[in-house]
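Hi everyone, thanks for coming.

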Amino acid sequence: MTYAFFPGCVSKGACPELYQSVMQVYPKLGIDLNEMTTASCTGAGVLQEKDPKLGDVLNARTFALAEQQGLPIMTICSTCQGVMSQANHRLTTQPQYLQQVNGFLKDEGLAYRGTTTIKHFLWILLEDVGADTLRQHITRPLTGLRAAPFYGCYIQRPTEALGIDDHPDRGKSLERIIEILGAEVVDFPGKTRCCGFPILTINEKNSLTMVATHTRDAKTHGADIMVTPCPLCHLNLDGMQSKAANQEKTAIDLPILHLPQLLGLAMGLDAKSLGLTRHLISPESVLAQATLAL
Amino acid sequence: MKTTLRVRRFDPEADPPMGYVQEYRLETEPSETVLDGLIKVRETLDDSLALRCSCRGAICGSCGMRINGHAALACKTKVISVAPADGTIEVEPMHNMPVIKDLVTDMAPFWSKIRQIQPWLQPPGTAPKAEYTASPEAMTHLSGVMSCIMCGVCVSDCTVLEVDKTFVGPAALAKAYRFVADPRDAATLRRLNALNQPGGMWDCTRCMECIQVCPKGVAPMDRIMALRANGMAAKVPSTCGSRHAEVFTDIIKHKGILDEPMLAVRTFGLKHVGRLLGMVPMVLQSVFKGKVPKSGPLHRPIPGIHHIQRLFKRMRVKS
């Protein structure tokens, strides 16, 4: 299984532990990655606020580059996945629009034919690696660890562009992975809601209320940790959790793990090599209780 | 098929008023909707169940409620499409608005937000003798947003309204776009300036709940994004939201990849230096924890950045 790997800006920037943990786990799963070093940022829905067509042109360029290699794209970020899925949906369902966008790519020697598929690592684990193969790689089941899933909006909605209408299991994929890894799924109302990150600079109070609500709810429902496939959610839920707790005059202290970190722990990898010492809310005591010491 | 409707009820006349859950077991046909089921409950099992409905054909917008955790029109939701294996469907009143009784919500706050954006045409000059006309071509792009039936479903599931009741909300913002983009309207700049205030178009999280649940394909969030683009193009006073989008785009143009520290510094700038200083403890903690890539906090431009820059230039020329 070879993929054109699109790491996304945040795994190369403010969440280096995400990139680090993916690099640790993927070779053991029979996956080969060809990193797309010349691909641009997806726009993250922010560039699209200013110019949606520019966003589609930049993403069409990325799709065309993968198409030239004949490879599907692998993402590790819910936001990258969602923005690219939406762009690809527009391009592949509107032939005239695709033609118009290709008009901009032509002078770069590129044309997108509409054949590239884009998959988040989360979906690849279930749909391409498969649950049975995954189980074979689990050397340290996470028995006793209670994990709350937190998806990130862009990997949940809109369902048509994300392929969830055709693959309903994608909507529950995080719970499925948690179960396969031997941990206990903690269901709570906020798992598919917004983490608040997109409005952190605009309305910090609302953003922090969202962080506090979801992390506190997960903890109240019995979670030891929260796991997310979205590094932008991680930035808010981990990085801003202390400030959110102060704002709401409460204590929360819920460690937030990236998906490949949770997977790596179950695969017996050293917690430090997975970047688990780089979180602002330390998972040390929780992991120690589950005999997964850092 | 055997169906259980698990309804969240609210009795305002109890002392004190109380909410509770009641289950109704009934037989439904594959072609029946959740609304058909609820009407059957009211007619055959419990005539005290309160719900609001009228057209039964997704036109009047009266029967908005939450079904299995998501807002929808009950008349447009087939039982067979939402019933899990055990046949139990969760039904509750819409969120983000007060409940009057059972599944009936108070729409007054909803209408107040709609009125807030002045949902009427404000053309220039004196009124013509006949209608205010516009060419079909100039109005076609508004047909989607004009499909809104004011059901409140998007408002129910809005993630911002959950935490901030002052947010004007997706339905009102979609309606605002309908007038901002109407070629006959002369109040565009005034409207955009009003929407530029706190609680307006920049407070949306882009969570897409409203796009997902809207029963008429209005895509309110897409309209909010279009309002933002119109606001920036019209150069309404900059906000942290508009600067965030402008700076983000500029960084991608020059590097192809995002520099988060640069984005924060340039978005807040001297005008909001306090906000920037407020982030210092978090930044220091991140550095202490090693949350900095090996290559340093700022990126070099990606290989082949000149391709990206040429695309930016070509797009600008074209527009």
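Predicted model: local features only at pLDDT ≥ 70, side-chain atom pairs only at ≥ 80, totals over all residues.

Okay, the chains. Chain A puts 43 residues in contact with 47 residues of chain B. Where on chain A do those residues sit? Three elements of chain A each give two or more residues to that side: helix H2 (47–50), helix H3 (52–69) and helix H10 (204–220). The top contributor is H3(A), which gives five residues. And if you sort the chain A side by class, you get 18 nonpolar, 15 polar and 10 charged residues.

Next, the inside. In general, nonpolar side chains in soluble globular proteins tend to be buried together. Here the largest nonpolar core has 176 residues. Which of its members touch the most others? Those are Ala147(A), Met226(A) and Ala74(B). Let's zoom in on Ala74(B). Leaving out residues up to four places away in sequence, Ala74(B) touches Thr33(B), Val34(B), Leu35(B) and Leu38(B), and also Cys63(B), Met65(B) and Ile67(B).

Chain B is assigned domain 1 (2–105), domain 2 (108–125 + 136–233) and domain 3 (240–318). Taken over C-alpha atoms, the centres of domain 2 and domain 3 of chain B are 29 Å apart. Their contact uses four residues from domain 2 of chain B and four from domain 3 of chain B. On the domain 2 side, that's two nonpolar, one polar and one charged.

Terms used. Residues numbered from 1 in each chain as written. Chains lettered and ligands numbered in written order. Contact = placed C-beta atoms within 7 Å. Helix = DSSP H or I, 4+ residues; strand = E, 2+ residues; numbered from the N terminus. Nonpolar A, V, L, I, M, F, W, Y, C, P; charged D, E, K, R; others polar. Core = buried A, V, L, I, M, F, W, Y, C linked by C-beta atoms within 7 Å. Buried ≥ 20, exposed ≤ 12 C-beta atoms within 10 Å, placed from the backbone. Domains from an automatic or database assignment.
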